[in-house]
Amino acid sequence: LDIMNILSKFKEDVMDTTIKYFTQDELSRLFNAIKNSGDRHALRNLCIFRVAYRCGLRASEIRLLKLEYYNKSKGELYCNRLKSSWNNTIALDKQTVKILNQYIKEYGVKEESEVLFKSQEQNPISRKMLDYLMKRYCQMAKIKDENKWHFHCLKHSTAVHLAESDLDIKEVQFWLGHKSVNSTLCYFQFTTKQQKIMLEKLEKHSMLV
């Protein structure tokens, strides 16, 4: 078997262009664009984007996060998910914890019931603003595919990148809060890593005639 040719053909056959996601390189450029933007609320925006990506949150979910959902001592965030998804608790990576702690301190977020991410009018940040910020920072990061200039693209990216991290489908399902594994399955078509492992096993131990 020519594994790389098979994988290439597989990817061409199953690629569904209705699901858009950022590559790891694009996300790194996106985060750097926010960090170096010079925007007044660059820290808040970077925190929003990193938390949403780490936890796989929709715009409607990130805007309603409260301080009480964050366990600072453990670096964990309780995710209250909508659209009939399961709520769960996600461990944040060290960089996201650092940025979130800095944001909470500098923005004076103190009340446990207080919404984490607010607009200048002190209301929960709007979905319209989140999409505007995504468009702005994608342009700054020179991400050319305009179909990716939507906040929900972060959740798709989380799903694909988890699938690329050798997590099995049930683990990815838990992380994203999907009630049905069918909602998770579609993301596995975008990674060839697991198919590569499968085909390598087949090369060594194939019982196929």
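Predicted model: local features only at pLDDT ≥ 70, side-chain atom pairs only at ≥ 80, totals over all residues.
Biologist: Is Ser 84 buried or exposed?

Modeller: Ser 84 also lies in the loop between S2 and S3, and has a positive phi of about 60° although it is not a glycine. Its relative accessibility is 57%, and since the cut-off for this class is over 50%, Ser 84 counts as exposed.

Biologist: In S3, which residue is the bridge partner of Leu 77?

Modeller: Strand S2, residues 76-79, is joined to S3 by 4 bridges, and the two strands run antiparallel. Strand S3 itself spans residues 88-91. Within that pairing, the partner of Leu 77 in S3 is Ile 90.

Biologist: Which residues make up the uncovered face of strand S3?

Modeller: In a regular strand, side chains alternate between the two faces of the sheet. In S3, Asn 88 and Ile 90 form the covered face, whereas the uncovered one consists of Thr 89 and Ala 91.

Biologist: Is H3 roughly parallel or oblique to H7?

Modeller: The axes of helix H3 (residues 42-55) and helix H7 (residues 153-163) come within 7 Å and cross at roughly 45°. Angles under 35 degrees would count as roughly parallel and those from 65 to 115 as roughly perpendicular, so the arrangement of H3 relative to H7 is oblique.

Biologist: How many nonpolar, polar and charged residues does the contact of H3 with H7 have?

Modeller: The crossing of these two helices, H3 and H7, is right-handed. On the H3 side, Phe 49, Ala 52, Tyr 53 and Arg 54 take part, and they meet Leu 154, Ser 157, Thr 158 and His 161 in H7. Sorted by class, the contact of H3 with H7 comprises 4 nonpolar, 3 polar and 1 charged residues.

Biologist: What percentage of the contacts in the protein between residues at least 6 apart in sequence join residues at least 24 apart?

Modeller: The protein has 10 helices and 3 strands, which follow the pattern α-α-α-α-β-β-β-α-α-α-α-α-α along the sequence. Of its 209 residues, 45% are buried. Among contacts between residues at least 6 apart in sequence, the share that joins residues at least 24 apart is 65%.

Definitions and conventions. Residues numbered from 1 in each chain as written. Heavy atoms only, no water. Axes fitted to C-alpha atoms, helices over the stretch in contact; angles between N-to-C directions. Parallel < 35°, antiparallel > 145°, perpendicular 65-115°, else oblique. Left-handed = near helix turned anticlockwise from the far one by under 90°. Contact = heavy atoms within 4.5 Å. Nonpolar A, V, L, I, M, F, W, Y, C, P; charged D, E, K, R; others polar. Buried < 20%, exposed > 50% of the residue type's maximum accessible area, 1.4 Å probe, protein only. Pairing = 2+ DSSP bridges.
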